[in-house]
Amino acid sequence: MVTPAKNTDQQTNLHNLPKDHDLRNIPLSGCWYRWAKGSSWRQVKPNFGIAGVTFNSLGSAWTDNDVFCWRPEKQKPNHAPAG
């Protein structure tokens with residue numbers, strides 16, 4: 001299993017990674033997200049409904065409107081998902 005802390009892509013928006021990338025295919029608990037046009041990051045807590053699912057299994061309500069990454073401090077504040 002890939003751990004985000006050991007992966008060089010951990011600052012990358014998950015939306016921009018290939019669909020078969022390891023970080024898109026591990027549970028989101030501990031991942032960070034924010035509204036695509038916002039600047040405030042929130043961490044996916046273990047009790048969140050999406051904590052046990054992978055980025056690839058999220059519906060478009062999440063992936064079209066939110067930015068997900070494992071280390072948000074390296075993200076630009078208004079970096080919206082590509083696509």
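## The sheet

Two strands are said to pair if DSSP finds at least two bridges between them. In this predicted model, three strands form an open sheet: its 3 strands follow the order S2-S1-S3, and their pairing is antiparallel. Strand S2 (42-43) and strand S3 (66-69) are the edge strands, each of them pairing on one side only.

Between S1 and S3 the antiparallel pairing extends over 4 bridges, and Tyr 33 stands opposite Phe 68 in S3.

## Phe 68 in strand S3

Phe 68, which is found in strand S3, has a relative accessible area of 0% and is therefore buried. Leaving aside neighbours within four places in sequence, the residues in contact with Phe 68 include Thr 12, Leu 14, Leu 28, Trp 32, Tyr 33, Val 44, Ile 50 and Trp 62. Phe 55 is also in contact with Phe 68, and although these two residues lie 13 residues apart along the chain, their C-alpha atoms are separated by 8.1 Å.

## Arg 24 before strand S1

Arg 24 belongs to the segment before strand S1 (32-35). Arg 24 is buried yet has no salt bridge, and the nearest side chain of opposite charge, that of Asp 20, is 7.6 Å away; a salt bridge would require a side-chain nitrogen of Lys or Arg within 4 Å of a carboxyl oxygen of Asp or Glu.

The side chain of Arg 24 does, however, reach the backbone oxygen of His 15 at 3.4 Å. When neighbours within four places in sequence are left aside, Arg 24 is in contact with residues including Leu 14, His 15, Leu 17, Pro 18, Thr 54 and Phe 55.

Notes. Residues numbered from 1 in each chain as written. Predicted model: local features only at pLDDT ≥ 70, side-chain atom pairs only at ≥ 80, totals over all residues. Heavy atoms only, no water. Helix = DSSP H or I, 4+ residues; strand = E, 2+ residues; numbered from the N terminus. Buried < 20%, exposed > 50% of the residue type's maximum accessible area, 1.4 Å probe, protein only. Lys, Arg positive; Asp, Glu negative; His and termini not counted. Polar contact = N/O pair within 3.5 Å; in protein donor to acceptor, adjacent residues only side chain to side chain. Contact = heavy atoms within 4.5 Å.
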